Amino acid sequence: LWIVLFILVLAISFVLALKSMRDYAEIHEVAGEGYSLFLIRKPAGLNNQFFTFLHDGLISTGKNISFERLFRGKESALVVFGPVDILTHFKDSLDLLELEDYASTSQQVTGWEVMFKKNQADTQPGKMLEGLPEFLDTDQFWWQVILWVNKSDTKGLLFSSQIRAVVACEDPARRKTLVRVLQNLPSGQLFKLPKVFSSEQISDLYKKRSFQKNNNSALDFDSILKLLQA
């Protein structure tokens, strides 16, 4: 009897361990050799020609790219973390400036993952980051849109996506207020995913530019731009 119980306990523990690791097993690393971070000084260069080339480059190489909109005080910047061999073609049209990674901070952070409401990416006009709060110089808000292309996708020039948000602020009360506003933007096109990872884990995944395959809507060029405009 004791042997049977022991085997049963081991079996249950194994199943629970597999279940708890399922999300982690699906995580794909973006960062790696041949990737770098660039400031985009000419966002107007993010046009149909760019995204067509990007789509072809990602599907042929199996690589990924991360666009990130950064806010601090009244300042905002758009950066891209991606394969140098692809981005080099757009060094002039995007006026790219190579940067050191900004995503290391000693401040306390709150992070979450985001998805579109069904079909909202295709049907709703306007920016998705409208109605942002007024940030202080001590506030930081990072908005990350990771893109990749599924080779099995035959619908056209569409990108799969993973969206994350991180607020960095030392004041817990202010951070909580900022998070509440940012999770309920007036565009109504996005929603916060139920919490699977802790804020620290999401921050770590953000820094690694990792992604998980999900049920997010496939994005076309216009939808991606809506996510990045401020």
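**Exercise 1. Find the strand in which Ser 36 lies, decide whether this residue is buried or exposed, and name the side chain that it joins by a polar contact.**

Solution. Begin with the secondary structure, where strands are DSSP runs (E, at least two residues) and helices are DSSP runs too (H or I, at least four residues), each numbered from the N terminus. Ser 36 has its place in strand β2, which covers residues 35-40. The model is predicted, so that local features need pLDDT of at least 70 and side-chain atom pairs count only at pLDDT 80 or more, while totals for chains, interfaces and linings use all residues. Residues are numbered from 1 along each chain as its sequence is written, and side-chain values use heavy atoms, with hydrogens and water left out.

Next, take the accessibility: buried means under 20% relative accessible area, exposed over 50%, and partly exposed in between, with a 1.4 Å probe and protein chains only. Because its relative accessibility is 10%, Ser 36 counts as buried.

Finally, look at the side chain. A polar contact is a pair of N or O atoms within 3.5 Å; within protein, one must be able to donate a hydrogen and the other to accept it, and residues adjacent in sequence count only if both atoms are side-chain atoms. Such a contact, of 2.5 Å, joins the side chains of Ser 36 and Glu 98.

**Exercise 2. Classify the aromatic pair of Tyr 102 and Trp 142, and explain which parts of the protein this pair ties together.**

Solution. Rings of Phe, Tyr and Trp (its six-membered ring) pair if their centres lie within 6.5 Å; planes under 30 degrees apart count as stacked, over 60 as edge-to-face and the rest as tilted. The structure holds 16 aromatic pairs. For Tyr 102 and Trp 142, the centres are 5.3 Å apart and the planes stand at 85 degrees, which makes the pair edge-to-face. Tyr 102 lies in the loop between β5 (96-99) and β6 (109-116), whereas Trp 142 belongs to strand β7 (residues 140-148), so the pair ties together parts that are 40 residues apart in sequence. Both Tyr 102 and Trp 142 are buried.
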